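Work through the two exercises below with the sequence and the structure in view, and compare each step with the solution that follows it.

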Amino acid sequence: MKNKLHQYFTDLNEYFSPSKILFNSFISSFLLIWMDYKNLISQFGSDVFGKFMIIFFLVILLFLVFLNYKKLSYSLYAKDLSETDIILISVSINLVSLLCFRIIALYNLNFITIILFFSFLALFGLIFLRVLRIGTDSLKEPVTSITVDLRLIINNEIEYEKNFILGEDAVEYDLLDREPIVNELKSLIKDYNSEERLVIGIEGKWGTGKSTIVNNLSNEIKDNDEILIIDEFNPWVYENNAAMFKGLLDKVFDRETFEISSEELTRIKKSFFSLVFGEKFNGLQNLINETKYDEQALLKRINNYLNKNNRKIVLIIDNLDRLSSDKIVLILSFVHNVLSGIENFIIILAYDQEELNDILLSENISKKYLSKLIQKRIILPVPNKSTIVRISYLSLSNILKGFNIEYSETELQFIVNSLVNQGLELRELKRIINSIILPLRKFTTHKYFTDYFILELIKYFDYDLYLEMYENPDMFITFDSKDYAWDKAKQNNENKEYFDKLSKKHGNYFSLLQLNFSKVKDYLNGSDLNLRTSYTRQDPAYKNAHKNKRIYSADFYSMYFNFSLTKEAEISEKMNEFLGSNNPSKSGTDAAIEYIYSLDIEEQNYSLMHIEYIGDDILLENRIYFIEELLKNLDALSDERPFLGISNRERIIILISELLVVIKDEKTIKSFLNENLNKINDISNLDSLIYWTNSKEKVKIENDNIASIVKEHLGNIIIKIVSNKVNIFDYDLNKKGNLISVYKYYLSEDKDLDELKEYLKGLYNKNTLYKILYEFIFSSTDGSTYEYYVSQDFEKLNDMEMIFELINQTEPEDEKQTIIKEIYFLTKEEIFTSSDMSERGVMNLNYRL
């Protein structure tokens with residue numbers, strides 16, 4: 001309770017004037033006591049009219065209370081002080097005063113005294129409730145501001161899990177090595193002793209450290225009792241020139257500064273104010289004339305005080321060039337004419353010389369006026385680029401590390417160097433961090449940092465270029481575009497012409513895009529654009545695009561322009577969540593499999609491709625378990641091959657090839673094959689596995705014998721089938737591709753094809769005929785239609801006379817068999833071996849057979 005009372009009356013003292021409250025309360029109390037002493041209220045209510053008026057006013061009062069019930073309730077329940085508290089305290093004081101008078105002076109304990117007493121108790125109760133409402137059980141700890149400065153980030157002294165934002169206010173630390181300037185000014189001010197005022201101009205572009213210098217200088221000299229510092233004057237807060245000038249006078253001629261009577265200081269300020277805004281002058285131009293004012297007596301009084309007390313005044317006005325022209329002229333006039341008579345008065349003005357000259361010229365004032373006013377110029381050098389680069393890189397990299405965001409050091413360094421070369425200064429760096437980097441903690445971790453950062457920088461600095469990229473994605477995208485570049489030369493020229501236009505108009509920021517798009521990099525290097533009309537899954541750029549969701553893939557391009565994920569990005573995020581190193585449990589693997597089976601064919605295809613690219617991030621035991629579980633339900637995945645793509649089942653084989661490369665150990669590989677790929681139906685899968693493993697060997701493991709291990713395993717299965725004359729076209733064993741895989745094995749091992757031909761002849765019958773024929777039908781597609789034709793190997797492995805005799809004897813049982821028969825009769829026997837596709841029989845269908 002003690003703390004509550006303390007806070008209540010502390011707030012009362014801070015927001016209101018207790019002395020005025022007490023004064024007004026005692027005045028009103030005196031009037032009430034006097035009225036009570038004279039018995040005026042009783043006399044007023046002695047007749048009928050008086051009683052009526054009293055009752056009337058009481059009714060009106062109750063009615064007003066009723067009408068304002070909600071407002072009164074809000075005032076009583078509000079958690080901050082208001083006029084209600086002042087009224088309650090004032091009326092309580094009045095009642096206490098009146099009660100004391102009645103009891104002590106008049107010994108009057110009648111009915112009215114009792115009413116007054118209970119009224120006081122009621123008011124005291126309300127005040128008590130207000131104390132409880134406003135006060136706290138303990139004094140609050142000071143609230144920590146979320147505004148921080150750049151030094152904390154550079155020194156890594158930020159709690160990155162909490163929200164923070166970089167402040168725009170000038171700082172007191174020195175990042176730009178301006179300490180020698182501060183020391184020189186400090187020494188000059190300390191030793192300065194003259195009958196003239198001294199005007200120092202600190203000149204420099206925005207971001208060169210002017211504010212830092214004046215702040216550090218102020219801190220260096222503030223403890224010197226001989227120096228009175230006036231550095232809190234803020235010209236921007238004043239509505240007009242008169243208000244600004246009055247504020248400036250109040251700052252300069254402050255009671256605490258001069259310790260002169262307030263009346264004398266008021267006289268001085270009024271005198272100066274009338275001289276500037278009185279009838280003697282009209283217009284701003286007259287303010288800068290070298291007119292002598294008859295204020296010697298006043299100035300002498302000020303100078304005598306300063307001399308007797310061995311004191312000097314330092315007035316600091318920062319960012320002078322940011323004011324309106326009329327305010328600038330008024331301040332310069334004040335410095336030149338009004339303050340010129342004060343001894344040991346030092347004025348420090350900080351401004352951009354070029355900006356200030358332009359403003360003076362707009363008022364028809366020569367820039368020579370400024371050079372005449374300034375006695376000492378300090379021209380700040382342009383900040384060293386290497387210093388800005390170091391500060392910028394440290395700030396950005398520390399935040400990214402604090403947010404656990406992966407980034408490329410070389411790419412970040414390139415971006416920082418580019419921005420600094422384009423004139424980046426520290427204030428702009430703070431805005432970039434606040435606007436682009438800090439939001440990363442909440443909503444853009446799924447984007448590749450370099451792509452995100454560059455695109456946001458372009459949106460920040462060059463919105464027209466940003467719109468060009470948004471409206472013309474095909475000019476930038478490298479992979480997965482739906483518009484296939486059939487005419488590479490034409491596409492190349494169109495792209496170059498487009499980039500010519502962008503480079504001329506947006507050169508500064510267009511060059512940043514070379515980190516995002518290989519096309520832009522090729523263009524800037526003066527080479528033909530690599531349009532990537534064909535590429536493989538092993539292309540590092542393609543793998544990087546899908547593993548990191550890069551902007552140069554059409555699958556992710558659009559998500560960099562909004563906050564929503566593309567479907568591909570959503571699948572990638574799910575796979576990372578289920579199978580990434582952060583989820584070592586097999587439950588994550590089970591969830592991944594369940595999720596894959598819930599997707600449509602195209603989405604399944606993409607999910608499996610993404611797993612291939614993140615394979616190195618998956619724990620080996622989970623990787624093996626994942627593939628083994630998929631192989632158990634391999635037939636549930638579509639074997640349909642998309643246009644220019646790979647089927648879902650084939651992607652499983654690719655994942656197995658990747659796994660075997662990681663395992664390497666021969667014993668472990670054989671064990672895996674025996675447990676998971678040991679059936680007749682696995683022949684074509686093993687054949688594909690050999691192909692993909694060989695492709696991996698060319699890249700990573702040229703000296704390993706993984707492919708030969710798989711081939712040996714396949715050979716063992718095939719030898720058993722042929723030697724035991726197992727019918728691979730039995731319903732349970734039949735799978736398209738098995739026979740062709742057996743044939744490819746015989747060719748690779750130089751085995752006797754007649755043996756295989758005899759084996760196949762032994763399988764000829766009406767039940768197996770169309771299965772055998774279908775085995776030799778190949779297809780191609782452009783994405784919308786399918787072309788079917790008979791393989792050239794058909795004649796090499798079959799007895800043509802027997803097979804066509806059987807075809808003539810066996811009627812098709814369904815539409816599929818009918819189409820198979822038509823395909824064979826479209827192809828004449830004598831041109832089965834022709835390599836010219838135009839001579840071969842082709843059937844076009846708009847669906848997959």
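Two strands are taken to pair if DSSP finds at least two bridges between them, where strands (E, at least two residues) and helices (H or I, at least four residues) are DSSP runs numbered from the N terminus. This is a predicted model, in which local features need pLDDT of at least 70, side-chain atom pairs count only at pLDDT 80 or more, and totals for chains, interfaces and linings use all residues. Residues are numbered from 1 along each chain as its sequence is written, and side-chain values use heavy atoms, with hydrogens and water left out.

**Exercise 1.** Determine which strands pair with strand 5, and whether its faces are covered.

Solution. Begin with strand 6 (residues 345-351), which pairs with strand 5 in the parallel sense over five bridges; here Ile313 stands opposite Phe345. Strand 4 (residues 227-230) also runs parallel to strand 5, joined by four bridges, and Leu228 is the residue opposite Ile313. Next, take burial (under 20% relative accessible area, 1.4 Å probe, protein chains only): Lys312, Val314 and Ile316 are buried on one side, and Ile313, Leu315 and Ile317 on the other. Six of the six residues of strand 5 (residues 312-317) are thus buried, so the strand is largely enclosed by the rest of the structure.

**Exercise 2.** Locate the buried residues of helix 36 and state what covers them.

Solution. In helix 36 (residues 753-761), the residues Leu756, Tyr759 and Leu760 are buried. Their directions, taken from the helix axis to the C-beta atoms, fall within an arc of 95°, so they line one face of the helix. The cover includes helix 34 (706-723), helix 35 (738-748), helix 37 (769-775) and helix 38 (794-797), contact meaning heavy atoms within 4.5 Å.

Definitions and conventions
Buried means under 20% relative accessible area, exposed over 50%, partly exposed in between (1.4 Å probe, protein chains only).
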